[in-house]
Amino acid sequence: MGTASLNPLWAALLFPLVFGVPMEEVTSGESVASRLPEGCRRCCDPEDPLSPISPYIVPEVRPYINITILKGDKGDRGPLGTPGKSGKEGPRGDRGPQGTKGDKGQAGSPGSPCQIHYSAFSVGRKTALHSSEEFLPLLFDRVFVNTDGHFDMATGRFVAPLPGLYFFSLNVHSWNYKETYVHVVHNEKAAVILYAQPSERSIMQSQSVMLQLAQGDCVWVRLFKRDRENAVYSDGMDTYITFSGHLIKPEDH
């Protein structure tokens, strides 16, 4: 069957299906409003129907949990942790009050006897002396100082009472035209020599020395033996010859 053979009734029915029916576009708001009864409106609609519709703000909801109803039983004590670093030293505190006096202590043991820390002597001779075939010890006949008798007048020797450093000095008067040759002796060895050449005039001569002595060491003076004319002068009245010594410092123990 051809199109031209369709009758007018069938053409009227098929026209909307083929070409469509024009319709007015309706918004969703208007569609919902059109279905509401007269005099009703939505809660989100503005009071002024002419004003634009504002967006609906959803309130913020914050949950609240009561921790006290969730607290469990107390747990066991944990292990001890490692010690921390020492802090800085704090400032010094104030001095505390004085304490009560303590009880008297017991007496200590007796100490060692007081030791001698001094020694000194000074002796003189008034008579002259000439040399002989042997060494002659110089003996003295006058005492100026002799603490605790450390100088033996019979032998002419000083005996050290304790080890330490000692000082000695010797003074003699030379004889004119004769030599003066004298030794200061430590034990049996000459420590120093006092010497004066022959001269027309007799003069005073001196010698001094410091010696480190052990306890019991001896120091004395001797006249050299007769290899030549040798003498020390004195007139028997005045003291021209002196020998002195003293402890400077005892040895530390």
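Which residue forms a salt bridge with Asp 252? The partner is Lys 249, and the closest N and O atoms of the pair are 3.5 Å apart. This is a predicted model, in which local features need pLDDT of at least 70, side-chain atom pairs count only at pLDDT 80 or more, and totals for chains, interfaces and linings use all residues. Residues are numbered from 1 along each chain as its sequence is written, and side-chain values use heavy atoms, with hydrogens and water left out.

**Salt bridges**

- A search of the whole structure finds two salt bridges (a side-chain nitrogen of Lys or Arg within 4 Å of a carboxyl oxygen of Asp or Glu).
- Asp 252 is exposed, with a relative accessible area of 63%, while Lys 249 counts as partly exposed at 45% (buried means under 20% relative accessible area, exposed over 50%, and partly exposed in between, with a 1.4 Å probe and protein chains only).
- Arg 157 forms a salt bridge with Glu 188, where the closest N and O atoms are 3.3 Å apart.
- Arg 157 belongs to strand E6 (residues 157–159) and Glu 188 to the loop between strand E8 (180–186) and E9, so this pair ties together parts that are 31 residues apart in sequence (strands, E, are DSSP runs of at least two residues, numbered from the N terminus).
- Arg 157 is partly exposed at 23% relative accessible area, whereas Glu 188 counts as exposed at 56%.

**Aromatic pairs**

- The count comes to 16 aromatic pairs (rings of Phe, Tyr and Trp, the last by its six-membered ring, pair if their centres lie within 6.5 Å; planes under 30 degrees apart count as stacked, over 60 as edge-to-face and the rest as tilted).
- One of them joins Phe 135 and Phe 224 edge-to-face, at 5.4 Å centre to centre and with 75 degrees between the planes.
- Phe 135 sits in the loop between strand E2 (129–130) and strand E3 (136–137), and Phe 224 in the loop between strand E11 (218–223) and strand E12 (231–232), so the pair ties together parts that are 89 residues apart in sequence.
- Phe 135 counts as partly exposed at 29% relative accessibility, but Phe 224 is buried at 14%.
- Phe 151 and Phe 243 have ring centres 6.2 Å apart and planes at 70 degrees, so this pair is edge-to-face.
- Here strand E5 (residues 151–152) holds Phe 151 and strand E13 (residues 241–250) holds Phe 243, so the parts tied together are 92 residues apart in sequence.
- Both Phe 151 and Phe 243 are buried.
- Ring pairs also link Phe 151 and Phe 243 into a cluster with Phe 121, Phe 140, Phe 158, Tyr 166 and Phe 168.

**Charges over rings**

- Arg 157 also lies over the face of Trp 220, at 4.2 Å from the ring centre (NZ of Lys or CZ of Arg within 6 Å of the ring centre and within 35 degrees of the ring normal).
- Arg 222 lies over the face of Phe 135, at 4.0 Å from the ring centre.

**Strand pairing around E13**

- Strand E1 (residues 120–125) and E13 pair in the antiparallel sense over six bridges (two strands pair if DSSP finds at least two bridges between them).
- Phe 243 in E13 is the bridge partner of Val 123.
- Strand E7 (residues 164–173) runs antiparallel to E13, and eight bridges join the two.
- Ser 244 in E13 is the bridge partner of Ser 169.

Key:
Helix = DSSP H or I, 4+ residues; strand = E, 2+ residues; numbered from the N terminus.
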